[in-house]
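I opened my notebook for a slow walk through this model. Come along if you like; the entries follow the order in which I looked things up.

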Amino acid sequence: MQPRNMSMSGVVDLAAVKAAQEAKAKAEQARAEAARQGGTGAVSPADLVIDVDEAGFEQDVLQRSAEVPVVIDFWAEWCQPCKQLSPVLERLAVEYNGRFLLAKIDVDANQMLMQQFGIQGIPAVFAVVAGQALPLFQGAAGEEQIRQTLDQLVTVAEQRFGLTGLTVDPDAEPGGAVPSAVPVEGPYEAALNAAAQAMDAGDLAGAVRAYRNVLADDPAHPEAKLGLAQAELLQRVQDMDPQRVRKEAAERPADTDAQIAAADLDLVGGHVEDAFGRLIETVQRTAGDDRDAVRRRLLELFEVVGPDDPRVVGARRALARALF
């Protein structure tokens, strides 16, 4: 079976955006608490490669994925390509010095996990970041391809989820890692929790108010800015008739309100580039207040997707060309 690359940047999943916020906050809180206690949470190089089974999957993979990307190597003793791939992954886990954790799963002994990940053949390599599974590649990949995929993974984990990896101490005893620190509540923790609870309950207006309360005191607060953009987007589309909105946008390309509404639907549906392209084209054929309204909405959608997403970076350049 030929190796198959999987992109790290998929469609916009608003649940994933929320998970990113929570993972980033937990990672920052854990680091702050470790620093306050004077500890480093360091692990030994031997702790960077672990064997995982079904009983320990939640603790060893899902929970750990909130502090470090976990790369999963599905293998079996009888699999010859696995015997070529696994040593490479183990060596790279040590070389990357804690930027990811390698979890090895024997599929013969853990059939349920193999089924849950939908694996059709081995070797198969996945990653779990903030509880979300990402397929990386399948088959005996070359080292250059593996490095490129791992580089992309650790970049996404750091930029979107705030996961900077584990601290590695070559003198540390194996298995001597400091347990995850108890999160420390920040000054806006109660307001952010209230906003998240309102979102979960479908109270979008309440979530908007809670995020705005935080931003009134701290206008640059990243979690509140992202949460507000997400809540306002969901609030705008919740009562839309998708068929009517798309029909009006198709029939009235010069109608800025119609194009803005359709772009909101595009983004919620995961069609990020369509949403951005629609609004940039509208900027090009409008002027004055209409153009400014479209520009402002585009900037709001950039907040939902995230400033480091390559689609946002490209769209910002296209918007600049359209404006100037």
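**Entry 1: a glutamate in α8**

I began with E232, which lies in helix α8. Helices in my notes are DSSP runs of H or I with at least four residues, strands are runs of E with at least two, and both are numbered from the N terminus. E232 is buried, since its relative accessible area is 18%. I use buried for under 20% relative accessible area, exposed for over 50% and partly exposed for what falls in between, with a 1.4 Å probe and protein chains only. Setting aside neighbours within four places in sequence, I found E232 in contact with V208 and R212; contact means heavy atoms within 4.5 Å.

A note on the source: this is a predicted model, in which local features need pLDDT of at least 70 and side-chain atom pairs count only at pLDDT 80 or more, while totals for chains, interfaces and linings use all residues. Residues are numbered from 1 along each chain as its sequence is written, and side-chain values use heavy atoms, with hydrogens and water left out.

**Entry 2: the whole chain**

I then stepped back and looked up the totals. The protein has 13 helices and five strands. Of its 324 residues, 46% count as buried. Among contacts between residues at least 6 apart in sequence, 73% join residues at least 24 apart.

**Entry 3: α12 against α13**

How do α12 and α13 lie relative to each other? I found that α12 and helix α13 (residues 310-323) pack at about 165°, with their axes 10 Å apart. The axes are lines fitted to C-alpha atoms, for helices over the stretch in contact, and the angles run from 0 to 180 degrees between N-to-C directions. The two helices are therefore roughly antiparallel; that label is for angles over 145 degrees, with under 35 roughly parallel, 65 to 115 roughly perpendicular and the rest oblique.

I noted a left-handed crossing where α12 passes α13. Left-handed means that the near helix is turned anticlockwise from the far one by less than a right angle, and right-handed means clockwise. On the α12 side the contact uses R291, R295, L298, L299, F302 and V305, and these meet R311, V312, A315, R316, L319, A322 and L323 of α13. By class, the residues of this contact are nine nonpolar, no polar and four charged. Here Ala, Val, Leu, Ile, Met, Phe, Trp, Tyr, Cys and Pro count as nonpolar, Asp, Glu, Lys and Arg as charged, and the others, Gly among them, as polar.

**Entry 4: E303, also in α12**

I stayed on helix α12 (residues 288-305) and picked E303. Is E303 buried or partly exposed? E303 counts as partly exposed, because its relative accessibility is 27%. Beyond residues up to four places away in sequence, E303 touches K225, L226 and A229. I also checked E303 against L228: the C-alpha atoms are 9.1 Å apart, although 75 residues separate the two in sequence.

**Entry 5: the cores**

Next I looked up the largest nonpolar core and counted 29 residues, with L267, F276, L279, L298, L301 and F302 making the most contacts inside it. Such a core is a set of buried Ala, Val, Leu, Ile, Met, Phe, Trp, Tyr and Cys residues joined through side-chain atoms within 4.5 Å. At least two residues of this core come from each of α8 (222-237), α9 (242-251), α10 (256-268), α11 (272-284), α12 and α13. A second, separate core has 28 residues, including F57, A76, M114 and F126.

**Entry 6: α3 against α5**

Helix α3 (residues 80-95) and helix α5 (residues 143-161) cross at roughly 45°, and their axes come within 11 Å. That makes α3 oblique to α5. The crossing is right-handed. L85, V88, L89, R91, L92 and E95 of α3 make the contact with E143, I146, R147 and L150 of α5.

Also in α5 I found L153, which is buried with a relative accessible area of 0%.

I ended with the backbone. I122 and P123 are joined by a cis peptide bond, with omega about 0°; P123 sits in the loop between α4 (111-116) and β4 (124-129). N97, which is not a glycine, has a positive phi near 55°, and its place is the loop between α3 and β3 (101-106). A130 has a positive phi near 55° and lies in the loop between β4 and β5 (132-138).
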